[in-house]
Amino acid sequence: MDLAAFRALEPLCWRAPSAHNTQPWRLRYERWAVTVGWDPADALPAGDRAGRDLRLSLGAFVETCLIVAADAGLRLDWAADHDEADRRAGRLRPGRQPYRTPFRTADVWDRRTHRGRFTAGPDADVVAAVDAVARRAGGAVRVVPAAGRLRALLRTADRQVYADPAVMAELRRWLRLDRSDPRYRADGLTDSCLGLDRAAATGLRAALAAYPVLRPLGLPRLLAAAGGDPLGQGGGVLALVAPPGLDAAGQVEFGRVLMRTWLTLHTAGLAAHPLSQLVDVAATRDALGTLLDVAPERIVHVARVGRPAAPAPRSARRVNRESDLLAATPLEAVSLHPREAIG
């Protein structure tokens, strides 16, 4: 395994998604392998108490590493070895051949979360395609009826999230609403990615600063209302359903499935806007399970999906060498030799 070659490509792997854009993954380079772990400082113990989003993001990162390496002709394999005590998900190690995937580094680079307007939702063929990706791993993708019931669940989930002081303190830590903030181009949720203009960003920053005082006076309800109606922005809502009895290691592996579904949507010209609050709040997750006739604990991800009306801003990354890498090497030339794409 050419560790130096993979290390040069590592910045591209950091384009993987994570909750609040915390980028929790860490790589430890060893003689014959690269251990994938995480930093608990970048976890979300209040908003992600069970660690589901952390493990899904680790899996998404692993899948991204395999795709980027394969596109460069590197023979890389994944050995799952989840250990909570050691904060280890597994190891990237030498493989007999490049990872077989239909995706390319360009897909990883171009994929973005889109919180703006969609001109259309996913058609039946796209839903069938992402469902097939999930079913190969024992899961499924279900269309969530976007009727009044779903809007009511979103309002309930938003109010509960905004009413939790610990969750809000965590959110404040990862919000980047001031462009002079030195972390603005490193991580977190920026005003541009959230679709906030300067006035809205200033107002939200002021409201959150006064949160301890205003919370008892109804601020959570006002914040939920200020968030608007994401369903009114168009698109359809899809839920990713995991196999029954998924343990912590299985959630990491299913994070790889989540990444493949997002890239499948991207290559079809669509984007996703996560509605994680529906799963994070127990009451709304249970109601969603009833709505879909599926065990609530199997619902691991919900997103509004559609064709973007305009390009979305690119989210920040702490490892910013990818721009230098791409400037020196166009995406079309990242692959060191041709390989067969598996459809």
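Biologist: In which handedness of crossing does H4 pass H10?

Modeller: This is a predicted model, where local features need pLDDT of at least 70, side-chain atom pairs count only at pLDDT 80 or more, and totals for chains, interfaces and linings use all residues. Residues are numbered from 1 along each chain as its sequence is written, and side-chain values use heavy atoms, with hydrogens and water left out. Helices are DSSP runs (H or I, at least four residues), strands likewise (E, at least two), numbered from the N terminus. A crossing is right-handed if the near helix is turned clockwise from the far one by less than a right angle, left-handed if anticlockwise; H4 passes H10 in a crossing that is right-handed.

Biologist: How are H4 and H10 oriented at an angle of about 160 degrees?

Modeller: H4 (residues 124-135) packs on H10 (residues 248-267) with axes 9 Å apart. Axes are lines fitted to C-alpha atoms over the stretch in contact, and angles run from 0 to 180 degrees between N-to-C directions. Over 145 degrees counts as roughly antiparallel. The angle is about 160 degrees, so H4 is to H10 roughly antiparallel.

Biologist: Which residues of the largest nonpolar core touch the most other members?

Modeller: A nonpolar core is a set of buried Ala, Val, Leu, Ile, Met, Phe, Trp, Tyr and Cys residues joined through side-chain atoms within 4.5 Å. Buried means under 20% relative accessible area (1.4 Å probe, protein chains only). This core has 39 residues, and the ones touching the most other members are Phe 6, Phe 61 and Leu 92.

Biologist: Which element gives the most to this core?

Modeller: H1, H3 and H10 are among the elements that each supply at least two residues. The top contribution is 11 residues, from H2.

Note on methods. Parallel < 35°, antiparallel > 145°, perpendicular 65-115°, else oblique. Buried < 20%, exposed > 50% of the residue type's maximum accessible area, 1.4 Å probe, protein only.
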